[in-house]
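Here are some notes for a colleague who is opening this entry for the first time. Please keep the sequence and the view side by side while reading the points that follow.

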Amino acid sequence: MNLITGGQIKVKFHTDHPGNLTLKLEDAQDGAANWILQVDNNVVNEWVELTFDPALPSIEGPNLPATGHVYNRVVLFADFGQNFPADQVYYVDDIEVCTAGTAPTAAVTFKLDMNQFGGTFSKA
């Protein structure tokens with residue numbers, strides 16, 4: 001997983017109960033420390049896209065960000081650190097690094113022609 005230029009890691013996740021998904025990056029090509037981050041999920045029985053920000057510090061020591069490194073291994077833990085029954089359902093799909101940057105902005109002016117409207121309205 002190439003995080004040299006930063007970005008965000010997006011993972012599509014589906015489960016039958018609220019919980020969390022934890023993403024761990026291991027085996028950095030330059031010897032950097034492993035990185036791990038947990039994201040809570042309250043969406044049940046439908047797909048949701050979870051976002052992990054590698055610019056944040058790892059939740060485990062040495063608590064460094066993952067940005068600026070290339071990792072060879074991605075490990076996912078569903079409901080990390082929680083006790084849960086064995087019959088829980090988890091699906092994961094489309095793990096990707098999004099580095100497109102911020103969305104462009106533009107000034108927009110809206111004009112509304114109410115000449116054809118026969119009712120009453122307020123200009124406020």
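1. Please bear in mind throughout that the model is a predicted one.

2. Looking at the strands around that pair, strand β2, which covers residues 19-28, is joined to β3 in the antiparallel sense, and the pairing runs over seven bridges. As background, the strands of a sheet pair through backbone hydrogen bonds, and they may do so in either a parallel or an antiparallel way.

3. The pairing of β2 with β3 belongs to an open sheet of three strands, whose order is β3-β2-β5 and whose pairing is antiparallel. Its edges are formed by β3, at residues 35-41, and by β5, at residues 71-78, each of which pairs on one side only. From one strand to the next, the twist averages 20°.

4. Turning to the protein as a whole, the secondary structure consists of six strands and zero helices, so that the pattern read along the sequence is β-β-β-β-β-β.

5. As for burial and surface, 27% of the 124 residues of the protein count as buried, where buried means under 20% relative accessible area. The protein exposes about 8,300 Å², and carbon and sulfur atoms supply 51% of that area.

Notes. Residues are numbered from 1 along each chain as its sequence is written. This is a predicted model: local features need pLDDT of at least 70, side-chain atom pairs count only at pLDDT 80 or more; totals for chains, interfaces and linings use all residues. Side-chain values use heavy atoms; hydrogens and water are left out. Helices (H or I, at least four residues) and strands (E, at least two) are DSSP runs, numbered from the N terminus. Buried means under 20% relative accessible area, exposed over 50%, partly exposed in between (1.4 Å probe, protein chains only). Accessible areas come from the Shrake-Rupley method with a 1.4 Å probe; for residues, only the protein chains shown count as cover. Two strands pair if DSSP finds at least two bridges between them. Axes are lines fitted to C-alpha atoms, for helices over the stretch in contact, and angles run from 0 to 180 degrees between N-to-C directions.
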